[in-house]
Amino acid sequence: MLYQWLYSLTDVFSPLNVFRYITVRTFISFFTAFILCLALGPYFIRRLVSKQVGQTIRDDGPQSHKKKAGTPTMGGSLILLSTLIPCLMWVDVNNPLVWAALIVTWCFGAIGYLDDSLKVSKKNTKGLSGKVRLFAEFFISGLVIGVLIHRFGFETTLTVPLLKSASFDIGWWYIPFGSLVIVGTANAVNLTDGLDGLAVVPVVISAATLALFAYVTGHVSIANYLQIPHVMGAGELAPVAATIVAAGLGFLWFNTYPAQVFMGDVGSLSLGGFLGIMAVLTHNEVLMMVLGGVFVAEALSVIAQVASFKLTGKRVLKMAPLHHHFELKGMVETKIIVRFWIISILLAVLSLATLKLR
């Protein structure tokens with residue numbers, strides 16, 4: 001909203017014309033969110049400590065994690081706050097795609113907040129019922145996608161990377177499919193959030209990559225040149241994604257090993273939901289499986305562990321999710337974290353390569 005007011009003064013001061021450019025507002029949004037997160041972080045952590053909002057460690061987890069008990073959690077609220085203000089300042093809030101991204105992000109954050117609050121109040125790792133949480137996530141996702149299709153004519157076409165002519169209009173089936181992408185991504189990020197800084201950096205890398213996809217998808221000339229689906233207004237998602245990237249980096253300042261604060265479910269679910277809705281809005285639903293390969297591997301490790309134990313009584317891993325397996329094999333925490341970051345960067349580069357390989 002602020003940028004629209006500044007742009008309206010172009011006749012008085014012509015340099016203000018730069019605010020009409022998405023690229024300019026993307027960079028400004030980035031630095032606004034980063035500075036906000038860095039400035040609010042110490043106060044936010046002190047408030048969490050004073051309210052005794054500490055992390056409860058699961059009994060069946062690695063014993064080395066016991067020392068982390070009591071570390072302030074629900075730090076994802078800091079990320080959400082640091083993204084909201086820049087979005088209101090530098091993003092076109094009249095864009096329905098922007099509203100879709102913000103609604104999913106904040107509603108998933110609210111679910112995570114409730115889950116965290118129950119864990120903190122009960123002093124155990126059992127928060128919101130899994131069935132209730134999944135129902136709420138699917139309902140929100142389905143409602144948002146349904147409104148976009150019915151009210152704003154959002155296309156229901158599914159595209160496949162590397163195959164230029166492989167696109168399928170799945171009609172109203174797109175609602176459950178898109179919802180599955182969003183909910184699956186959110187919960188995969190949630191499972192990944194188990195070590196200091198492990199989840200937030202892959203989120204930052206994925207969000208930065210999706211910001212670029214949003215920009216080229218929203219630019220009709222570039223989209224046609226790259227032979228990717230053009231989504232009108234998608235470019236405005238780039239500054240929104242930039243706030244996630246910046247707030248994530250600001251949060252990492254406090255979350256890096258040894259962490260001063262954990263993001264909690266309020267952070268992991270909201271950030272995962274954001275990545276999921278961005279994949280849907282830019283029609284990169286299938287590609288998200290590559291870009292978010294770290295999250296996919298973590299989720300599959302849990303599925304494989306549970307399935308194997310129920311069917312055979314044996315475990316395929318020492319412990320799930322996957323990062324705990326490596327911990328129990330003797331790998332130090334920081335090495336696991338950095339190697340997962342490296343893999344995330346490689347997957348992002350591979351995802352970007354598909355822009356010219358379609």
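Q: Why is Phe-31 called partly exposed?
A: Its relative accessibility is 48%. Buried means under 20% relative accessible area, exposed means over 50%, and partly exposed is in between (1.4 Å probe, protein chains only). So Phe-31 counts as partly exposed. By the way, this is a predicted model, where local features need pLDDT of at least 70 and side-chain atom pairs count only at pLDDT 80 or more, while totals for chains, interfaces and linings use all residues. Residues are numbered from 1 along each chain as its sequence is written, and side-chain values use heavy atoms, with hydrogens and water left out.

Q: Why does Phe-340 count as buried?
A: Phe-340 has 8% relative accessibility, so it lands in the buried class.

Q: What makes Phe-30 and Phe-31 an edge-to-face pair?
A: Rings of Phe, Tyr and Trp (its six-membered ring) pair if their centres lie within 6.5 Å; planes under 30 degrees apart are stacked, over 60 edge-to-face, and the rest tilted. Here you get 5.1 Å centre to centre and 85° between the planes, which is edge-to-face.

Q: What about the rings of Phe-326 and Phe-340?
A: Their centres are 6.4 Å apart and their planes sit at 80°, so that pair is edge-to-face.

Q: How do you know how α9 and α10 run relative to each other?
A: They pack at an angle of about 160°. Angles under 35 degrees count as roughly parallel, over 145 as roughly antiparallel, 65 to 115 as roughly perpendicular and the rest as oblique. Therefore α9 and α10 are roughly antiparallel.

Methods: Axes are lines fitted to C-alpha atoms, for helices over the stretch in contact, and angles run from 0 to 180 degrees between N-to-C directions. Helices (H or I, at least four residues) and strands (E, at least two) are DSSP runs, numbered from the N terminus.
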